[in-house]
Structure formats: C-alpha cells, structure tokens
Amino acid sequence: MKILEDRIRRDGIVRPGQVLKVDGFLNHQMDVVLFRQMAEEWARLFAGCGVNKILTIEASGIGLACLAGEVFGCSVVFAKKSKTKNIAGDVFTTKVESYTHGNVYDIIVSRDYLLPTDRVLLIDDFLANGAALSGLCDIVRQSGAELVGAGIAIEKSFQPGGRMLREQGIRIESLARVSYMDDEGRLEFED
Ligand code: 5GP
C-alpha cells in the first residue's frame, strides 16, 4: 500500500535490533485517517469472507482494529496481556514471547466473546517472528471459531513469522512489507 510505505519512509526510524519505530503515526500518536484507509484496504482484500469479528492484541493493535471493526461493521475483541498467574476457566489463554521486550507473557480472551460461529479476522501492527499472531491463532483454535486470516500493517518479511504462518495455511495480508533494514537507517520494501 503505497501511502503506508511513503509514510514509513517519511516518519519511520530504524532502531538497533531490527526495530522499526513508527510512533509518529501508528504506535503512539495515531493517524486515524490513515488507519481508516488501511481498514478499507483490508475490507477490499477480505471482501466476501464473512468476517463477523476482529481479534487483536493490546495495546498497539487496538486502534487499527477499531477502524477495521467500523469498516467491516463488526465487533472488535482484544486479547489482554494477563498479569495474574491464576487464570480462571472462563477464558482462552496462551503464551506469547514479546519481540520488543524479550519476555514471555500470557494473553487471555473471555470465552464470552469468541464463539464457534464466529468468522475471525486477526489485525496487528507488526509481523516479525510471528509469536503474537501465532498466539492469536491458538486462541481462535481453542474457541472453535473459523480463522479467516490476518491483516497486518507492517510485515518485516526478512524475519520468519510471515513465511512460517503462511506455510501453516494462514492467509496473511500485509499492507507494507519491509524486506531490508539496517542500522544506518536504510529501508527497502518488497514489490
Ligand atoms: P512477533 O510476535 O511477530 O515477533 O512481533 C510482533 C509484535 O512485536 C507486534 O505486535 C509489535 O508490537 C512488536 N514488534 C515487532 N517488531 C516490531 C518493530 O519493528 N517495531 C515495533 N514498533 N514493534 C514491533
């Protein structure tokens, strides 16, 4: 999506450790006009798939997912990062390894908000090693809902998550695919 790639080139900052900082429009300040355009692109790509629920993970996915929910006309659920060790039985839960912080944390979704009749689209800001998205896929699997696919804002395609998940048969639509990044701030996109 050219408008997103242009914005990344303009406002993105490459940080050591293969981290792309996009706080100016995505991860801190949010350009919701751009979010709306991104949501419309996902709606075009997933048209006719019968999506009736959007699932994301707190915190960075929530803004994007809300715009997507508005465009798809469906509810948005976000997986919570749980701090409590004793998890009640009324939730689906799985473990996720954080890319940016390096620790492992539990995510939870109430059983009330994901039903076997749901057709779920996952939304997230970044796809790197695939841990966050794998966790969300696991939650959908536990619920018995149908996984339609995933809409990602920025995929770092030089990292293994996208390939690993596509090999599992998961449809992933990334609006910008960064194929190269280095500590000098160079950045390239896939065609
Ligand atoms: P993964 O689980 O695929 O390794 O990483 C995805 C998650 O880590 C995203 O939800 C995002 O919050 C964070 N993340 C991964 N890579 C980056 C990055 O380059 N920049 C930022 N801002 N977040 C990232």
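Two strands pair if DSSP finds at least two bridges between them. Strands (E, at least two residues) and helices (H or I, at least four) are DSSP runs, numbered from the N terminus.

This is a predicted model: local features need pLDDT of at least 70, side-chain atom pairs count only at pLDDT 80 or more, and totals for chains, interfaces and linings use all residues. Residues are numbered from 1 along each chain as its sequence is written, and side-chain values use heavy atoms, without hydrogens and water.

**Stop 1: the strands**

Select residues 53-57, strand β3, and residues 75-82, strand β4. They pair in the parallel sense over 5 bridges. Now pick L55: V77 in β4 stands opposite.

Next, select residues 61-72. This is helix α4, through which the chain crosses from β3 to β4. The β-α-β crossover is right-handed (with the strands pointing away from the viewer, the path from the first strand over the helix to the second runs clockwise).

Click K81 to find its bridge partner in β6, I107.

**Stop 2: the ligand**

Now look for polar contacts (pairs of N or O atoms within 3.5 Å). A ligand oxygen atom lies 2.7 Å from a polar backbone atom of G130. For K156, an N or O atom of the side chain is 2.8 Å from a ligand oxygen.

Conventions. A polar contact is a pair of N or O atoms within 3.5 Å; within protein, one must be able to donate a hydrogen and the other to accept it, and residues adjacent in sequence count only if both atoms are side-chain atoms.
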